[in-house]
Amino acid sequence: MNVTNKNKNINVCAISFFKIFLCIYFISYSVSTKSINPLSMDTDSINNGAELYKKRCSNCHGINAEGKNNGFFLSPNLKKFQKGYTRFLNILVNGYGRMPAWGGKSELTDDQLNQLAAYLEHISYEKKNW
Ligand code: HEC
């Protein structure tokens with residue numbers, strides 16, 4: 001084997017390692033960005049969540065979740081929400097600052113909460129931490 005052939009082998013080897021590295025990188029990236037919400041990305045859930053959102057949240061947060069000034073307080077833009085699924089459930093169940101638990105209405109089931117989360121994830125600008 002002459003010198004040029006040896007170099008070629010080293011190059012092929014480096015390229016394969018690079019490909020493997022890329023694969024691992026993309027797999028870990030997609031795993032870390034996938035929401036733990038069991039209904040995340042589910043089309044029916046997103047649609048149900050949109051209905052629920054209109055009924056239960058849009059009064060305060062605006063019809064498109066873009067946030068709203070209610071005179072006394074500002075309800076945040078939920079498309080920017082980046083605190084993740086667990087934090088979302090916590091906010092809904094326990095209330096948060098000036099937001100009453102369940103948005104001040106009757107309790108929601110786990111499925112309804114997940115549908116709302118799926119909807120808000122769907123319309124959010126950044127889906128990385130949902
Ligand atoms: C009565 C008005 C009202 C209703 C109804 C309401 N919210 Fe809120 N929400 C607020 C206010 C005000 C805040 C900000 C609280 C603070 O910062 O003190 C808030 C905060 C939040 C946050 C945290 C946002 C952030 O960036 O930290 C989430 C998530 C949220 N609301 C989701 C919902 C969902 C989902 C619904 C419908 C089930 C809902 N809210 C219904 C008033 C409301």
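**Questions on the chain**

Visitor: Is alanine 65 buried or exposed?
Guide: A residue is buried if 20 or more other C-beta atoms lie within 10 Å of its own, exposed if 12 or fewer, and partly exposed in between, with C-beta atoms placed from the backbone. Alanine 65 has 22 other C-beta atoms within 10 Å, so alanine 65 is buried.

Visitor: What kind of model is this, and from what number are residues numbered?
Guide: This is a predicted model, in which local features need pLDDT of at least 70 and side-chain atom pairs count only at pLDDT 80 or more, while totals for chains, interfaces and linings use all residues. Along each chain, as its sequence is written, residues are numbered from 1.

Visitor: In what order do the elements of the chain run?
Guide: Helices (H or I, at least four residues) and strands (E, at least two) are DSSP runs, numbered from the N terminus. The chain has five helices and two strands. From the N terminus on, the order is α-α-α-β-β-α-α.

Visitor: Of contacts between residues at least 6 apart in sequence, what percentage join residues at least 24 apart?
Guide: Two residues are in contact if their C-beta atoms, placed from the backbone, lie within 7 Å. Among contacts between residues at least 6 apart in sequence, the share that joins residues at least 24 apart is 65%.

Visitor: Where does alanine 65 lie?
Guide: Alanine 65 is not a glycine, yet has a positive phi of about 65 degrees. Its C-alpha atom and that of lysine 54, 11 residues apart along the chain, are separated by 9.2 Å. Alanine 65 lies in the loop between helix H3 (58–61) and strand S1 (68–69).

Visitor: Methionine 41 has a positive phi too; how many C-beta neighbours does methionine 41 have inside 10 Å?
Guide: The phi of methionine 41 is about 70 degrees, although methionine 41 is not a glycine. Methionine 41 lies in the loop between helix H1 (3–33) and H2. Methionine 41 counts as partly exposed because its C-beta neighbours inside 10 Å number 13.

Visitor: Against which helices do the buried residues of H5 pack?
Guide: The buried residues of H5 are Leu113, Asn114, Gln115, Leu116, Ala117, Ala118, Tyr119, Leu120 and Glu121. Leucine 120 touches Ala65, Leu78 and Phe81, not counting residues up to four places away in sequence. The buried residues of H5 pack against H2 and H4.

Visitor: What distance separates the C-alpha atoms of alanine 117 and asparagine 37?
Guide: Alanine 117 is found in helix H5 and counts as buried because of its 26 C-beta neighbours inside 10 Å. Leaving aside its neighbours within four places in sequence, alanine 117 is in contact with Asn37, Tyr85 and Phe88. Alanine 117 and asparagine 37 are 80 residues apart along the chain, and their C-alpha atoms are separated by 7.4 Å.

Visitor: What arc do the buried residues of H2 cover around the axis?
Guide: In H2, Ser45, Ile46, Gly49 and Tyr53 are buried. These residues are on the same side of H2, because their arc, taken from the directions from the helix axis to the C-beta atoms, is only 95 degrees.

Visitor: Which residues of H2 are exposed on the other side?
Guide: The buried residues of H2 pack against H3 and H5. Lysine 54, in helix H2, counts as exposed because it has 12 C-beta neighbours inside 10 Å. The exposed residues on the other side of H2 are Thr43, Asp44, Glu51, Lys54 and Lys55.

Visitor: Which residues come nearest to the ligand?
Guide: A residue is near a molecule or strand if its C-beta atom, placed from the backbone, lies within 6 Å of it. H3 and H4 are the elements that give two or more residues to the shell around the ligand. Of the 21 residues around the ligand, those that come nearest are Cys57, Cys60, Gly97, Met99 and Gly103.
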